[in-house]
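Open the model in your viewer and keep the selection panel at hand. This tour goes stop by stop.

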There are 2 protein chains.
Amino acid sequence: MRRFVVVGHKASSSGDFKLDDMAGGAGRLDILLRCVNSAFFLSHGIRKDAEIYLVLQGPPAPTAIVRFVGSDLKYLNPDERSTGALVRTALLKMDGREWTRSSPGVSVSRRSLGDLLAELSAHSRMLLLKEDGAPLDGMGAEDVTFVLSDNQDLAPAEEELVNSLSAGSVRLGPLSLHADHCIILAHNALDRAAQG
Amino acid sequence: MRRFVVVGHKASSSGDFKLDDMAGGAGRLDILLRCVNSAFFLSHGIRKDAEIYLVLQGPPAPTAIVRFVGSDLKYLNPDERSTGALVRTALLKMDGREWTRSSPGVSVSRRSLGDLLAELSAHSRMLLLKEDGAPLDGMGAEDVTFVLSDNQDLAPAEEELVNSLSAGSVRLGPLSLHADHCIILAHNALDRAAQG
């Protein structure tokens, strides 16, 4: 399984936003929506072995997490607007800490980044994507979780948290890229490794 | 220079579309807008050595081409909606075959795919991105033009045209991907090659 955790520092944690203003009023939710596209789309289908967790840390707080699971996903289209509608629907159905299913393959929970990472790290190798990380190579088919951030760097406390649970930092190329572009490169590196 | 030509078979060739319906009424313009994002964005800036040509072959015809030039670009944001607004503005200012500038780094012209490719191939190495192409490696810093298609394959006549002008077909990984994801991988391959 390939998992991606994307931290949206100002992304709306309620469904009270407009689909016309996701780059503004929804706290750069657009960045996270492009990450969903990158995590799942192939030319002719959906990656069944992928999951993504959007960590919405913006108002009104506390943090909400929207999870997309490739093996169950339906109704996902590649454009930002329709994916934004799936996220909004999920947030409107949120019911506390339990994972609440809002549409096939999409669910939502109120829980912290720390809780999420602790759960995932119990069964998945966690890697922080970072400009000064080691090159990503030699990866096998194991369960791996990549942690990425939106247009802001992880806060020092967040980075410390990830480091305490992770197997290290990796980079995917010589230049620093947007989170959604990094996901494309991570998939490609793993696709190539899987082909041998 | 890295150039990308993306053929939008049904993408609106007039500015008469709604920003709320770019995946529908505008003929999958959303695909081309994501390609613009992929062509230019770095974490902390714009790729100055990149250009993209959106070939809009949908109604009302004839074909319109919107060109983005990285070295001159201003007002480009990563979300689909704002890039769609730049394309719409360009189309509304279109004035025949001459390139008409609509905003810094963005211009528009009524010309055919054939005319565009003939002009580019005079000074740029043209490569068709294709699932069964050769691996892209050994590329230097030369001027290169990648030709991609939207969610439809190139029509036989289009592929014949590209083949008559191109230096061959290349692929970027073991799986078939969306055009915007291919652009990310092409940039990464060239970024790595440039680093040596």
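**Stop 1: I46(A)**

Select I46(A) and show what surrounds it. Leaving out residues up to four places away in sequence, I46(A) touches F40(A), F41(A), G70(A) and L76(A). Contact here means heavy atoms within 4.5 Å. I46(A) sits in strand 3 of chain A, residues 45-46. Helices (H or I, at least four residues) and strands (E, at least two) are DSSP runs, numbered from the N terminus. The cut-offs are under 20% relative accessible area for buried, over 50% for exposed, and partly exposed in between (1.4 Å probe, protein chains only). Now select F146(A), 100 residues from I46(A) along the chain: their C-alpha atoms are separated by 19 Å.

A word on the ground rules. This is a predicted model, in which local features need pLDDT of at least 70 and side-chain atom pairs count only at pLDDT 80 or more, while totals for chains, interfaces and linings use all residues. Residues are numbered from 1 along each chain as its sequence is written, chains are lettered from A and ligands numbered from 1 in the order in which they are written, and side-chain values use heavy atoms, with hydrogens and water left out.

**Stop 2: the core**

Select I52(A), F68(A), F146(A), I52(B), F68(B) and F146(B). These have the most contacts inside the largest nonpolar core, which has 100 residues. Such a core is a set of buried Ala, Val, Leu, Ile, Met, Phe, Trp, Tyr and Cys residues joined through side-chain atoms within 4.5 Å. Zoom in on I52(A). Setting aside neighbours within four places in sequence, its contacts include F4(A), V6(A), F40(A), F68(A) and I183(A).

**Stop 3: helix 5 against helix 5**

Select residues 179-195 in both chains. At what angle do the axes of helix 5 of chain A and helix 5 of chain B cross? They cross at roughly 75° and come within 10 Å. The two helices are therefore roughly perpendicular, a label for angles of 65 to 115 degrees, with under 35 roughly parallel, over 145 roughly antiparallel and the rest oblique. Axes are lines fitted to C-alpha atoms, for helices over the stretch in contact, and angles run from 0 to 180 degrees between N-to-C directions.

Show side chains. H181(A), I184(A), L185(A) and N188(A) meet H181(B), I184(B), L185(B) and N188(B).

**Stop 4: the two copies**

Zoom out to both chains. Chain B superposes on chain A by a rotation of 180° with 0.0 Å of shift along its axis (RMSD 0.0 Å).

**Stop 5: a loop in chain B**

Most residues other than glycine have a negative phi, and most peptide bonds are trans. Go to the loop between strand 4 (50-56) and strand 5 (64-69) of chain B, where T63(B) is found. The peptide bond from P59(B) to P60(B) is cis, with omega near 5°. The bond from A61(B) to P62(B) is cis as well, with omega near -5°. A61(B), in this loop, has a positive phi of about 65° although it is not a glycine. A61(B) is partly exposed at 43%, while T63(B) is buried at 16%.

Note on methods:
Least-squares fit on C-alpha atoms with pLDDT ≥ 70 in both.
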